[in-house]
Amino acid sequence: MDESPCTPGQTVGPFFGIGLPFPGDNDLAGDRADAITLHGNVFDGAGAAVPDALIEIWQPDGAGQIARATGSLRRDGATFTGWGRAATDVDGHYSFRTVVPGPTSPARPAFFAVTVFARGLLHRLCTRAYVPGAALDIDPALPAPRRATLACVAESDSRLRFDIHLQGPRETVFLAFREDRR
């Protein structure tokens, strides 16, 4: 019987540098005048930088519209795709050039959907990065100090910071998705 090869979800990586990077992967905004920088660092449980993580974001545009066009890997400099990917550098830092997302409905706060792939993780981690001023009381069951791990910090009008802590006392809140609820 032939044995199937292991996939990244079944083995410890990182495998990210082999086939995932592509030109413009972290530039969602192209030549838009309203572009901002979303950046931060990824830390392990001991507070050390994770130099080989991969971060993906999905988001609506500033008006809350979700891009539905195919071809989000094609960067033409003008089309906002709503999706991007960035690898961390040796200091655990990642960066995206994007726009501030708008809320998709009046009752929902604006956020970036964030996925983390890193060494030692057999499956991706999912979280949200809420824009400054978003109502963080969205889940009253979540204690206030934990809610703060989901908030972007405005460093200026054009720079938002979102640090990701994989474990430890400052661990970012990660979300679980049930397969039957998608």
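Is D52 buried, partly exposed or exposed? At 22% relative accessibility, D52 counts as partly exposed. The legends below describe close-up views of a predicted model.

**View 1. D52 and R119 form a salt bridge.** The closest N and O atoms of this pair are 3.0 Å apart. R119 is partly exposed, at 38% relative accessibility. In total, the model has seven salt bridges. Side chains of opposite charge can pair when their charged atoms come close.

**View 2. E155, R159, R161 and D163 are linked in a network of salt bridges.** E155 pairs with R159, with 3.4 Å between the closest N and O atoms. E155 also pairs with R161, where the closest N and O atoms are 3.7 Å apart. E155 is partly exposed, at 40% relative accessibility. R159 is partly exposed at 33%. R161, at 22%, is partly exposed too.

**View 3. Y94 and F96 form an edge-to-face aromatic pair.** The count of aromatic pairs comes to two.

**View 4. F111 and Y130 form a tilted aromatic pair.** Here the centre-to-centre distance is 5.4 Å, with 55 degrees between the planes. F111 belongs to strand β5 (residues 111–117) and Y130 to strand β6 (residues 125–130), so the pair ties together parts that are 19 residues apart in sequence. Both F111 and Y130 are buried. R128 lies over the face of F111, at 4.0 Å from the ring centre.

**View 5. The largest nonpolar core has 32 residues.** F112, V114 and I164 have the most contacts inside this core. Strands β1 (36–43), β2 (54–58), β4 (93–98), β5 and β6 each supply at least two of its residues. The largest share, four residues, comes from β5. Leaving aside residues up to four places away in sequence, I164 touches N41, V42, F43, I55, Y94, V114, V116, T172 and F174. In soluble globular proteins, nonpolar side chains tend to be buried together.

**View 6. C126 and C152 are buried cysteines.** C126 has a relative accessible area of 9%. C152 is at 6%. The structure holds zero disulfides.

How values were computed
Residues numbered from 1 in each chain as written. Predicted model: local features only at pLDDT ≥ 70, side-chain atom pairs only at ≥ 80, totals over all residues. Heavy atoms only, no water. Disulfide = S-S within 2.5 Å. Buried < 20%, exposed > 50% of the residue type's maximum accessible area, 1.4 Å probe, protein only. Phe/Tyr/Trp six-rings, centres within 6.5 Å; stacked < 30°, edge-to-face > 60°. Lys NZ or Arg CZ within 6 Å of the ring centre and 35° of its normal. Core = buried A, V, L, I, M, F, W, Y, C linked by side-chain atoms within 4.5 Å. Contact = heavy atoms within 4.5 Å. Salt bridge = Lys/Arg side-chain N within 4 Å of Asp/Glu carboxyl O.
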